[in-house]
Amino acid sequence: MRPAKKIKKLFVKSNVTVDSELDDRIMTAALLAFEKHEKTDFAKLQPNIWRTIMKSRITQFATALVIIIAVILGLNIIGGPNKSGRVFASVIQQIRNSRTVTFTTEVQMGQQTVQIENARKEPGLTRTVMPGGLILISDLTQKKAISINHQEKQYTERNLENAPADQTQDFFEHMRTLPGKANEVLTKREMDGRMVQGFRVIEHGIDATFWVDIQTGDLVRVEGQFPNAPNTRIVGKDFKFDVELDDAIFSLTPPDGYTSKEPPKIDRSEVNCQDLINLLRWWATNVEGGVFPPSLEPAEFAKVGSEMKKEGKVSEFGGPKDEKMQQMMKLTRGIQFVMMMKPENDWHYAGDGVELGDADTAICWYRPQGSQTYRVIYGDLSFVKDVAPEDLPE
Amino acid sequence: MQDRLLVLRCRQGNKEALRRIYEKYRDYLLILAVALSHDVNLGEDAVHDVFVSFAERQDKFELTGSLRAYLATCVANRTRDLMRRRQNKDLCLDQDCWAVSPSPEPGRRIIYNEQLQQLSSVLSELPYEQREVIALRIYGQMRFRAIARSLDVSVNTVRGRYRYGINKLRSILNIEADK
């Protein structure tokens with residue numbers, strides 16, 4: 001075995017069992033150091049638009065002139081940009097500090113819009129009402145959750161002990177992590193009968209615009225977009241902060257007379273190229289025509305799939321309902337793989353109309369993270385690694 | 001993205017986020033530190049110092065790349081510093097300093113398995129510079145350029161250390177296989 005492989009194997013198989021005494025020693029010292037550091041003073045956060053404006057020489061000159069005139073006239077105009085900054089910082093502060101909040105989320109994916117009602121109460125209580133009456137309640141302090149399906153009178157209980165972050169951090173939680181300064185202040189406009197100012201924040205891959213009532217400083221609407229899902233838009237609205245919320249609506253106790261249902265087993269391993277290949281194979285095998293889908297763009301894929309299903313052109317999944325669900329969830333991993341593609345991956349799909357088994361036609365290619373070469377998948381679902389850019393299909 | 005959110009929460013003063021970062025990377029960093037130092041106590045100290053420093057610097061810290069790679073580099077640097085310090089004090093560096101065994105010893109806070117002992121023993125045959133590059137490359141999954149940047153040396157130097165280290169490992173591992 002090559003030495004690098006041997007060393008890697010040893011690293012992978014290496015293991016430590018740590019006594020709580022060591023954890024205590026390290027965390028005590030770290031927390032002590034942590035408490036000493038100066039936390040970011042929220043009140044000092046200012047928008048960086050002033051810096052953006054001052055980059056332009058023309059605005060530098062104009063701004064200097066305005067300031068001089070203002071000083072001469074005894075006017076105080078320096079508060080202009082800072083005032084907007086305080087408005088936005090104040091909104092973010094409200095989001096972070098609210099003890100309770102209710103709001104509506106609209107998820108727009110292609111032509112479809114799904115409306116979700118949300119309620120949150122500190123510490124760690126969330127309630128989400130999905131279309132069709134499905135209710136999701138979670139208690140992050142107890143690390144437990146329950147989903148209740150009123151239509152089928154069923155409930156599923158879940159332990160969130162080792163749940164990944166994407167299960168415990170929703171849209172609102174992401175808003176809480178945003179900085180108290182906007183990347184861009186947008187033009188004022190009218191929205192729902194109110195004059196609002198927009199603040200755009202681009203952080204951690206999220207592009208969000210906050211629309212704030214100029215008169216009251218209330219948050220009217222938040223519009224968010226995720227670069228990995230360009231056709232998916234999330235809108236948050238009807239925000240009400242620090243309202244009275246009864247603990248009973250966050251109860252994890254199942255309703256009387258409802259039956260328990262096991263949660264579906266979800267494969268949490270990292271999605272990879274093989275998941276995409278599985279999806280492509282399934283489509284070409286089970287959808288009438290024997291060719292690959294016209295598009296792998298999620299909304300378009302879902303739309304075409306839905307149309308094909310309505311026309312009776314899709315083979316049904318076999319087995320009981322739970323098994324069908326498992327099979328479907330496996331397939332979504334293929335779409336997740338596509339959704340993970342970033343601009344630097346230079347993803348291309350050209351499978352429209354290509355028959356399964358066509359070994360000479362490339363149906364998709366992409367550049368794995370950090371690689372200079374590409375991975376290409378062909379119509380027979382074989383793939384070739386390390387293809388140089390000059391050797392890619394046109 | 002989860003790491004970015006955790007780091008941001010730390011900056012906001014969230015202790016739970018700091019604890020989660022520690023829990024997430026503790027074992028990974030301990031394995032790295034012990035593999036590099038071939039010394040249980042020194043490895044613990046390196047990880048301790050890195051986390052305390054990380055907690056202290058939250059107001060200035062900006063995560064520009066991978067948190068995992070950042071912490072690994074910190075541990076490698078700190079391990080090097082501690083080893084130099086110990087060399088200056090002429091402390092024992094031979095195999096007797098390694099007191100690990102798969103079975104727990106009284107007072108020992110960490111139990112390391114046989115693979116880690118073997119790994120550490122093999123790597124200890126290399127100069128630290130080569131050990132460090134090999135560990136960051138193979139275990140840290142860092143690219144040569146990133147390693148060079150973090151160690152403040154040229155990419156060619158890093159590649160050279162890696163190549164020499166791997167060549168040396170080849171003969172060490174062959175000798176072990178022959179035994």
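Residues are numbered from 1 along each chain as its sequence is written, and chains are lettered from A and ligands numbered from 1 in the order in which they are written. Because the model is predicted, local features need pLDDT of at least 70 and side-chain atom pairs count only at pLDDT 80 or more, while totals for chains, interfaces and linings use all residues; side-chain values use heavy atoms, with hydrogens and water left out.

Confidence in each residue is expressed by the predictor as pLDDT, from 0 to 100. For chain A the mean pLDDT is 76, with 77% of its residues at 70 or more. Over residues 38-81 of chain A, pLDDT stays under 50, and the model has 36 contacts beyond four places in sequence for this stretch; a contact means heavy atoms within 4.5 Å.

Chain A contains an open sheet of 4 strands in the order β15-β16-β17-β18, with antiparallel pairing. At its edges stand β15 (348-349) and β18 of chain A, each with a single partner strand, so one side of each is left without a neighbour in the sheet. Strands here (E, at least two residues) and helices (H or I, at least four) are DSSP runs numbered from the N terminus, and two strands pair if DSSP finds at least two bridges between them. Strands of a sheet pair through backbone hydrogen bonds, either parallel or antiparallel.

The sheet can be followed strand by strand. β15(A) and β16(A) pair over 2 bridges, and A:Tyr349 stands opposite A:Cys364 in β16(A). Strand β16 (residues 358-366) of chain A is joined in turn to β17(A) by 5 antiparallel bridges; here A:Cys364 stands opposite A:Ile377 in β17(A). Between β17(A) and strand β18 (residues 383-387) of chain A there are 3 bridges, again antiparallel, with A:Tyr374 opposite A:Val387 in β18(A). The hairpin of β17(A) and β18(A) has 3 residues between the strands, and A:Leu381 takes a positive phi near 65° in this hairpin.

Of the 6 residues of strand β17 (residues 374-379) of chain A, 5 are buried, so this strand is largely enclosed by the rest of the structure. Buried means under 20% relative accessible area, exposed over 50%, and partly exposed in between (1.4 Å probe, protein chains only).

Chain B has 8 helices and 1 strand, arranged from the N terminus as α-α-α-α-β-α-α-α-α. Buried residues make up 50% of its 179 residues.
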